[in-house]
Amino acid sequence: MLSSLSFLINGEINDQQQQQKLRNLQCLYMINKQKPIRDDNGNPFSAQDLSDDLNQRIINLKLDAFQTVVTDILDKLKFHDEALHYFVLVATFRLPDEKLEKTLIELSMQQNLMMRIDGKYKRRLYSEPLEHDNIPRLAWDISPVLKTLKVAEIDKPVMPSEPSEVKPVDEWGLISRELRDILCCEELNLSAREGQPIEFFHLKSSIFFKNLLDMHRGVSSDLFQLDGDNHFYQAKPCRIDEWNLTTTRTVLQKHLFLANQLLEIVNKLKHHFVSSTTNSVRILIQRYLIDEQQIFSEYIDSSLGSSVNIQFEHIVGAFPSLNLQSSDSNRFEVLDHIYETVSAHYHVIREMNHVVSRMNDYSPILLNEMSFIGSQSAPQFYSRQMWRRLNVSLIRFIVNKLAEMLTTPDAELMELLTDAGDAKQIKDPSIWQRLNPLTMESSQCIDEELANRVADLIIGYQFFINDKKNKSYKSDGSTFAITDIQDAEELELFAKTPHFEKILDGILSELDVNSTDENLDELSNCIYKLLDQVPTTTLVEKYSHVVLDKSVRFFEFLKTFFTSAYIHLKNRTFFSQNALDTFKCEKLHRQGYDAEFLKTVGYDMKSTMEDSFLTVNAPEPLNVFVSAGVTDIYSQVFTVLNMLHTALDAVIETRNSETLKHEPRLRYAFFHMNTTVFAIRKNMLTLIEAASETLKKTLDFNKSSESRSSHELLNVCYRAHRKFIREVAGALMLNSKRGTTARVIKLMVSSVSLASKACVQGDAVGAEKQYQLFQSHLLIFLDQCRLDHSRYPLYRSLEIGSDEVDGRKSRSSSYSDDISCRSY
Amino acid sequence: MSGSGALMTVHVGQCGNQLAQAFWKSMVDEHGINERGQTTHEDDMNDKKDLLFYQADDDHYVPRAVLVDLEPRVINGMMQSPTFSNLFNNDNIFMSDHGGGAGNNWASGYFQGQEVQEKVMDIIIREAENTDNLDGILFTHSVSGGTGSGTGSLLLERLREAFPKKVIQTYSVFANSDPTQTTDVVVHPYNWVLSMQRLIENPDHVVVLDNAALHRLAAGKFKTDTPTFDHINSLVARIMSTSTAMYRFNSSVCPSIRYLDLAPFPPMHFIQSAISPVVDPNENFTRKTSVADVTRFLLKPTSMMVSTASRARPNDCMLSSYMFLQGQIEAHTIMSAEQNVDFAIRRPPFYMLKPLRMMHAPLSPYVKPQYKVSGLLLNNSTSVAPLFESLLTKYDKLRSKKAFLDKFEKIDNFSLDMMDDAMHIVTDLLDEYKAVVQKDYLTRGL
């Protein structure tokens, strides 16, 4: 082996010094085993990689003619001895270009492998490289790179000693200095302990720091290698400058542990990364983590003095120096500083791993809060800066997302908003949230009020878009100022202009990623600025105004329709969809009912409620006012009043009846029934009118001195209408606890109708009987009325029976006493 | 039957047509229509012009009114005024060819009416047929003269035959029965008795407009000793206007005249009226009005516009009444007023109900009233009987002396039996008024 190696390198088999031969062998061994060429990740290049690189170098050096010479030699080597092949490739890789070029030309010519004709080099035909034991002689000289076995400068060159020349005791009989040195030698002790020669590194600080920092950024090196389980280990014992093996080992232990933790967590993180996703927050976090790795690596590069291609100069430049290159710095302190920095980096990455693994549990607002807290409370400067950078990223993300949500119809809302499912889950929901119960999370960085305001504005904007698409109304110059952005299309276009970008940049420019000042309101301030400057706020306000006007008209229509439309019915007892359609087309528009809202009234064919078969299908956003419960009440109003009206009509039919001409009792009976039904109906209508007056007063915003936005007034509208509905339900005594008023009234009406029918048919007895039934039902009705203390006084006069001779009811009548007893 | 149908007005005789002037002047103002029948305001949703008007082919509004007189003076005078010359449908005006009038003679008016009834009824029926849904007829006349009472009586009979199910409501002006005042028509008791029979038998409601009471009221309120017909007619126009406001301005409480149940016990369907406040329309009204004030005034027996109001008897009862309150009134105010007045009203002993209905009547959206709150009471009460008793006494006086009977007897087809029959019918009516205040009214004769 030695001779082959010698022949390969030097050519003739000469009597080279044994030492040199051994040294070459050592080189061969080290290159193959321990000092291969590594890439940036610390992975050794393969022989093929090195071959390709060499071929490329030859081309670059314009030595194409020598390509075949080199290839032949390397192929032969590869065929016969792969270790030698790799050794040569590594040595050639390390050979400087000028030496390679020079020696390749010289030795190729010398070995008659090439010739020069007319200034050009050509391969000599049929020439073969010299061989010895099938090992070819190299046509270039790699010996210059084989002389790097020199250890650290600070070591004094020590000539090897012959063991026989070491004297154990000195002239005083004490252990000699030489022997003491040998006995104290840590390396010798270690070797003695292991029972074999040991190899160790003795590195300069700068090389050591590079290896250490490379390890922390996951790059293996000669000192720190990766085992089969992808864990770093110290490849050999090591000394750093004056530090001995033990000191170095002790110091490196915790770094190794930390580096392995960091490597593990980074690998876990990569495992959670997805290459394509629609989740913008996930993309942001992944981007952030990739950038942080880059920043960490660039910080290391910068600390090591390599300032090439620093992408995050503005961030890295603000970091304190690690003092790796300063000769005054204490190495222990430097290593501690490195450890703290890496540890800070690790802890943040570990947190983020947890976040990424459960990405769906984290909203941007929550992450922003988390990162703000981290930026304020993390123990180490580097981690605080990491959290700060995340915080800024999230603020930018949130603000940009909000800007998109407020200007683009198709923006994905669920990235910042959550669906509460039901408006009842939202505390004091706005009118828009009642229609679409979306909320925005609040946090320490954005209070509930602002979050609600933002959510509200976004939803309002969506309704504005949809309403315009439906063209349910047309904005004209009187609705929006001509100089303002008029509609959603203009707004969307505006959002794509540089001017809008400038607005956003202006808002976000104050975010200093390197700032360490506490600023809890940073996110809120940005959002406030956005809301002030984005035209959406004005548009939605104007739209709210339009909706407000429409709502007031809608309420007027609902009240008018449901309290009076039945009057125009031809056939009150039979109602169907067709009847309703005909009814609406022919009659109601002429009667002055608002045509726009008339078409929202429908007939519920599936209704099982006898009293509630009308529906109101108002277009958005007016449908917020007419929930199923509200429509039910309106429908019952219609039904109850219709029933009462039907009873009046039935009585009218009897007026000219022959039966009544001779039956004063029956006349009185019909008068009583008519008066009672009329009074009930009138009371109900009056109470509804009173509620309507209150509603109108509340909605008379022109008279209010308080200046409020249309949006706020819409909320007032909603509450006022709800109050109105409650009062209407009260007017009809529809509260379920008070019994089924509609059913009782139906019984009364039925009695009246049957009495009238009997009367018209000449059946006085039948009519009288029905009148008795009517009185019974009236008593039931009055019983129910007594449960409503506030409204009972209206119906007290309907009580049957009087104890006054002259027919006058008096305040001291036993009636009222009787009633007060009966009410409890 | 459905909702709010239309109304037609029929005006007979001098008084009836003078009332027409006042009434229709008020109507065009309240419905925002000018003298050419064109609207002067943007239509209000609650303005039901088609209740009393119809639209011609050129869309201008025409009153659904029929004007009848046996002499042309009043109608011609009306048609020459700029207010009405282009308003009424000339085809709806009937004036007798001979133009001589009825000479304050019921018989003359009645039997002349028989000659012309076909033509008049043709007009009325044509108008009715042109209406989608006629609910009722408002009829104005006087019962003291000749045309209004006589022809008016005939037309009432014909109207009832032609429209058995429609509501016929008359606004009948009774002569000045105040003993301190004289009247031009000496034979007015005869005219009255004969008219009364037709008023008992045919209309659904008769709003009694006692000229003496109107005269007194006008004199007091308009600050004149000699109030003119315009003064008095303006009061009547106000009564007619307020009593129809519910239907004309889309009230859902009482959307049609059909729902007015003023006469539970026919023929006791003679309605007294009271209005408050009474103001000169040409003067500024400075008094403050409230629901309580108006209600209190309207319910005073002496507020009724009959000359015998002060003769209300202790057992007089309210049979059925409607109080229409107009103005800036909150709903709950009326509700509490209604509860408060209940105790002050006397009703027949067998009544288990409250005869008075108070409701908020809508106002015209185009005319600003002079007062914040005003009211009209239509009161069917037994206290109207003294008026009839007084008139009957006057009739008896004349009849017993057989005074002026020749004027009637000379009219063809007239016989004194008609007068006697009429008198008996009026007497029966007065008996009814006496009986209804008794406990056993419902069971008498059983």
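A:Glu404 and A:Lys401 form a salt bridge, with their closest N and O atoms 3.2 Å apart. The two residues sit three residues apart, about one turn, in helix H15 (residues 381–405) of chain A. The model is a predicted one.

**Salt bridges**

- A:Arg331 counts as buried, at 13% relative accessibility, whereas A:Glu242 counts as exposed, at 53%.
- A:Glu768 and A:Arg665 also meet through their side chains in a salt bridge, at 2.9 Å from N to O.
- This pair ties together parts that are 103 residues apart in sequence, because A:Glu768 lies in helix H29 (residues 764–786) of chain A and A:Arg665 in helix H26 (residues 664–699) of chain A.
- A:Glu768 is buried, with a relative accessible area of 19%, and A:Arg665 is partly exposed, at 32% relative accessibility.
- A network of salt bridges links A:Lys210, A:Asp214, A:Arg217 and A:Asp301.

- Helix H9 (residues 205–216) of chain A has twelve residues, which should span 16 Å at 1.5 Å a residue; its end C-alpha atoms are 16 Å apart, in agreement.
- Nine of the twelve residues of H9(A) are buried, so the helix is largely enclosed by the rest of the structure.
- Among these buried residues are A:Phe208, A:Phe209, A:Leu212 and A:Asp214.
- A:Gly218, which follows H9(A), has a positive phi near 85°.
- Helix H27 (residues 710–731) of chain A reaches 30 Å from its first C-alpha to its last, close to the 32 Å expected for its 22 residues at 1.5 Å a residue.
- H27(A) is mostly covered, with 16 of its 22 residues buried.

**Surface charge**

- A:Glu162, A:Glu165, A:Glu178 and A:Asp181 form a negative surface patch.
- A:Asp181 is placed in helix H7 (residues 177–184) of chain A and is partly exposed, with a relative accessible area of 46%.
- A:Lys102, in helix H6 (residues 97–110) of chain A, counts as exposed at 54% relative accessibility.

Technical notes
Residues numbered from 1 in each chain as written. Chains lettered and ligands numbered in written order. Predicted model: local features only at pLDDT ≥ 70, side-chain atom pairs only at ≥ 80, totals over all residues. Heavy atoms only, no water. Helix = DSSP H or I, 4+ residues; strand = E, 2+ residues; numbered from the N terminus. Expected span 1.5 Å × (residues − 1). Buried < 20%, exposed > 50% of the residue type's maximum accessible area, 1.4 Å probe, protein only. Patch = residues over 30% accessible without salt bridge, like charges linked within 9 Å, V, L, I, M, F, W, Y side chains within 5 Å. Areas by Shrake-Rupley, 256 points an atom, 1.4 Å probe, with all protein chains shown as cover. Salt bridge = Lys/Arg side-chain N within 4 Å of Asp/Glu carboxyl O. Lys, Arg positive; Asp, Glu negative; His and termini not counted. Charge placed at Lys NZ, Arg CZ, Asp CG, Glu CD.
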